[in-house]
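Please look at the sequence and the structure before reading on.

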Amino acid sequence: MLRTSLFLISLLLSSVFCLENINEEFEEHLSIKSLRDGRVTSSFSFTTLLRDAIPRDPRTLAFDDDISQHYTLFPLSLGQILRQYAITELHLTLNAGKWNYDTWGYPDEPDVGVGAELRAWMAGDSISSIDERWQGVRNALAGLFCASLGSLDEQRTTSPRLSFPPEGALPDWGLPHELRHASHASEHVCTENLTPFLKLLPCKSLSGLATLLNPHRIFDADWHGIGLHVLWRPEGVEVRLNVQLVSDPLRISAQGKQDWSFHSLFDRKVEKACPVASSTRVSVELPNSGVYRVYPEPQEIKDGKAYYNLKNNNEAWNIGTMWPTDFEYRICHAALSPPDPALVPFSVTRNLLGPTQDRGELSIVLTNNQQDTLQLLYLETMPWIVQFYLHTIRVHSDNVPRDDLVSNISYVLPVPHARPATFESVLTLPGRSTLTFSMDVAKAFLRYTEHPPDAQRGWDLPPAIFTPLNQSLNEPMSLGSRVYTPSLLVDLATPDFSMPYNVIIFTCSVMAFIFGSVFNVLTRKFIVVRLDPPRNQSASRAEKRLENTDSDTSNELNTSKSGVH
Amino acid sequence: MHWLSCRKTITLCIVFRVLFALGLDFYLSPPTSYAYYADNGDKVVEFINTGPGLLSASSPLTLYANLKESLWLYQRGMDPYGSGIGQVGVSPLYLAFSFFPTIAESGPLKTQLLSKLFGIFLWTAPDAFSAWFLVRIWKARASSRTSTNSSSSSITFVLPLIYLLSPYVILSSLARSTSVWENAILLGAIAWACESESEFKTKPKLNNSNSKSKSKSLLFLALRVHLSLDALILLPPLILILLGSPESRLAEPGPFALYVAKRRSVKKQPEEKLPNEPAENHLRSTILRAALNVLFEFMVYWTALALISTLIVGHWRWMSTTWGTSLSLPSMTPNPGLWWYFFTEMFDHFRPFFLVVFNVHLLMYVAPICIKFQHDPLYALFILVGILATFKSYPTLSDHGLFIAFWGIFPEVYPYLRHPFPTTLVLIHSALLQPLFAHLWLSHGTGNANFYYASTLVGACAGGMAIVDAVWAGLRIALERHGKRELKFVEGEEREIVTQQ
């Protein structure tokens, strides 16, 4: 009895100790913004900071005894993966839809490439150990998120040099850090990915902002994506889980108004804040002009944003914005009013041209919306099924050929059936100009087992990534916000999938026929056989007949088959 | 006089070809619409590769675009071979010529015509060499013929025509496939082998550079093997030519040693039969030693070229991209051969097995044909050229063009062909269907892969029929001549005459 009570007391003490442990901090934040086209973008971010933790040194992987992992808020299943494969920094995003930079501006989370994208920074003294761990973390995350991340294999893995600098810091272990990046454009994000995602949150979707993550509404949105970001800062390891979506209130609204509220966007309200969260905040970006009403009354307004702290109140929160008038599509007034200032410094379209299935042309059109010259880092991670011909690169600026605008080309050749190509270069966009970059490509012919089941649909090519370079004289080169192009669909020539046996039989038959005929002739013995005794010399030749009928009859000599005679 | 006419023919054909290429270029990109980017005849290349020569004019190994890409990467200090395995690359020896595109690159308009002409010349000149080498091969073969027949002059006139005006060769040349260079180098090797004089050859030659032509021949074959590995199977017959002679001896078959012995005895005893046992053994060992010498010389050249290639690119991985490609077939790009669709449709776990089978199948012909035609190694080489054109992993039209042109050297077998007409018809059938079906499949979208596959299968049948007929006629001719001669001796006597086997 005493023992039990002692045990209970100790348990109580330890739990109190844990609660008071300030090594872990959880914050949630939601930012909502009305977009130019009437849509509303909501960006959830759930940040857990594990103070004073550092990523695992890969040299300790040889020893089984890692530090014990006791977390209260930090997701254990994720922590185990991170430590098992000694990952320093990790970014996983699963998105669906095309982010429309021209009307939506930059997203809060820059990784909006369509499909699955995974990248990790890993330290290691040998490439093979990094590749093994990369494979391991791929498969582990595939299991954790129920996503086909296993297909991000060597055929999709690249290591771009410049485009993905580490977001956090890299520990100085005296080991080189390597980046592995893979994207799979045809991967779709769905409820089965969101459920395990919510399980990583300390309050699940029971309280706090995560209550709003209603799968019915998230996956109904015009654009939606979930992301996981792990990075290390000197103060500790940070895990940021985020959900981004672009909903269209005009689609839901009967009156054609762009009014939105938690209830209209997510069909839910925030009933109570997450008790373990150190802060639960919502920010609403206020429209620049017009008459509108934000409700409830914001607790704080700063930099054109209304802030709410949901921890303060115990009532259900239903934040929203109302407009007295219907939404007006500005595009109708484009001729009358001056065009809206561009939301992004440049816009881009990427196309794969050409009607045939064996070759094509990759064409990129970039428009600089600014007066200043812009330098862009251009990254293509192209599967080997589309092979670049770099010698055909043509660059035009406002229809004037300008080969000097492309520089710093770095190119990793693709390996058929094994590795994608990585093409990085710097494009210079003169102010207020349109730059056209085009390059011939060859489309590969695949083995019939390499085609996906719906081969006629084509292959999704990963998006290209453009990153503005902010170069100043006294500072090292820094990168702006990444811009992802939509994915491309390439139409490859297909063999006849019903034919393997026929082809094998036909080809083998022809080869066997030729082989047999050649060796039949080679092993023949040509002999002359005279059947009748000659009556005289002149008549003798005339009387020779053919013994075997398969030979030609053009001459009087008999050619007979083979040495069987 | 004949020589002159042959030269005239070649010149006329080349002039015609250059004018044709220029005309096509002007037709496709008229001078008024010259873009800034000098295409240097790339329009013509594109026209051929998307039009009449779609899939067939060049293989990934000989594709002009791949050559230019490798050169472009090499010039900018990037490694055109990457990690090696599974890559398709051109031979590093081409990279040594990385100055060519810089010459051909043109900015201002006035040099465009010159650079165009230069480009055309670069891809027509090898054909001129090929035709010239063909004539030299024929002359070397015909020079020993006792009955200098009247057809000799017409052959020297016709041979360049067959080669230079063959649509197969013209298409490859217009598509700027590197196979036209490969053909020229191979024909050069054969021509010098035919003109060389070994210790077993006693016939005095016009020029005294006999050992030089032997070395030249081996060097060129080594070069050809370097550019694509398949030519290695032509090494045994070439060695036989170097040791023996290119003379037409189809009608008088016999063991190689006996034949060499006959040549050695310089017609002292024309009726001499096989030499006695020790002499024969001695002769055999002499031949073997000479063959090993030749082989050694070839290996020296080959190794030297490999070293040069390694020096050019700085690593050894180029071997798997150039030689390994033709063995392991990493690219399934359709071509007129039999491999691509077979390995496209092959089940993954059988792929290595059938790769071995297909490669061994190519090798399997070498020994039997060289043994059977040891009395006439040039004929053995001709048959192996046909087998290469039909069965190699990445054949192009120019391989067929070479095989067809080779037929012109052996007029003596024509009367003994069994089915020349059907073979020709099947060949034409396949040649017409191939571009058509490739278009229906890839461009038009109304056909599928089976269409083109069927036409290549017909092409393989045509090649096979030609090979079988060539083997048949080459053996059958002996029976006729030999039979006739024997009949004189045994006149009246009732007996069976068995020819030499």
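With 22 C-beta neighbours inside 10 Å, B:Pro60 counts as buried, where buried stands for 20 or more other C-beta atoms within 10 Å of a residue's own, exposed for 12 or fewer, and partly exposed for the range in between, with C-beta atoms placed from the backbone. This is a predicted model, in which local features need pLDDT of at least 70 and side-chain atom pairs count only at pLDDT 80 or more, while totals for chains, interfaces and linings use all residues. Residues are numbered from 1 along each chain as its sequence is written, and chains are lettered from A and ligands numbered from 1 in the order in which they are written.

B:Pro60 lies in the loop between helix H2 (42-50) and helix H3 (64-75) of chain B; helices (H or I, at least four residues) and strands (E, at least two) are DSSP runs, numbered from the N terminus. Setting aside neighbours within four places in sequence, B:Pro60 is in contact with B:Asn66, B:Val88, B:Ser331, B:Thr333 and B:Tyr394, contact being defined by C-beta atoms, placed from the backbone, that lie within 7 Å. From B:Pro60 to B:Val90 the C-alpha to C-alpha separation is 8.8 Å, although 30 residues separate the two in sequence.

**Backbone geometry**

Most residues other than glycine have a negative phi, and most peptide bonds are trans.

| Residue | Phi | Burial |
|---|---|---|
| B:Arg176 | near 55° | buried, 28 other C-beta atoms within 10 Å |

A:Asp52 sits in the loop between strand E2 (40-51) and H2 of chain A, whereas B:Arg176 belongs to the loop between helix H8 (167-174) and helix H9 (179-195) of chain B. The peptide bond from A:Tyr295 to A:Pro296 is cis, with omega near -10°, and A:Pro296 is found in the loop between strand E11 (293-295) and strand E12 (300-302) of chain A.

**Helix packing in chain A**

Helix H2 (residues 76-84) and helix H4 (residues 127-145) of chain A pack at an angle of about 170°, with their axes 10 Å apart; the axes are lines fitted to C-alpha atoms, for helices over the stretch in contact, and angles run from 0 to 180 degrees between N-to-C directions. That angle makes H2(A) roughly antiparallel to H4(A), a label used for angles over 145 degrees, with under 35 counted as roughly parallel, 65 to 115 as roughly perpendicular and the rest as oblique. In this packing, A:Ser77, A:Leu78 and A:Ile81 of H2(A) meet A:Val137, A:Ala140, A:Leu141 and A:Leu144 of H4(A).

**Domains and core**

The domain assignment of chain A gives domain 1 (21-253) and domain 2 (346-448 + 456-490), with bounds that come from an automatic or database domain assignment. Their centres, taken over C-alpha atoms, are separated by 26 Å, and 23 residues of domain 1 of chain A are in contact with 24 residues of domain 2 of chain A.

Of the 263 residues in the largest nonpolar core, those touching the most other members are B:Leu134, B:Ile190, B:Leu221, B:Leu238, B:Leu381, B:Ile383 and B:Leu384; such a core is a set of buried Ala, Val, Leu, Ile, Met, Phe, Trp, Tyr and Cys residues joined through C-beta atoms within 7 Å. Helix H21 (residues 449-489) of chain B gives the largest share of this core, 17 residues. Beyond neighbours within four places in sequence, B:Leu381 is in contact with B:Ile190, B:Leu234, B:Pro237, B:Leu238 and B:Ile241.

Methods. Contact = placed C-beta atoms within 7 Å.
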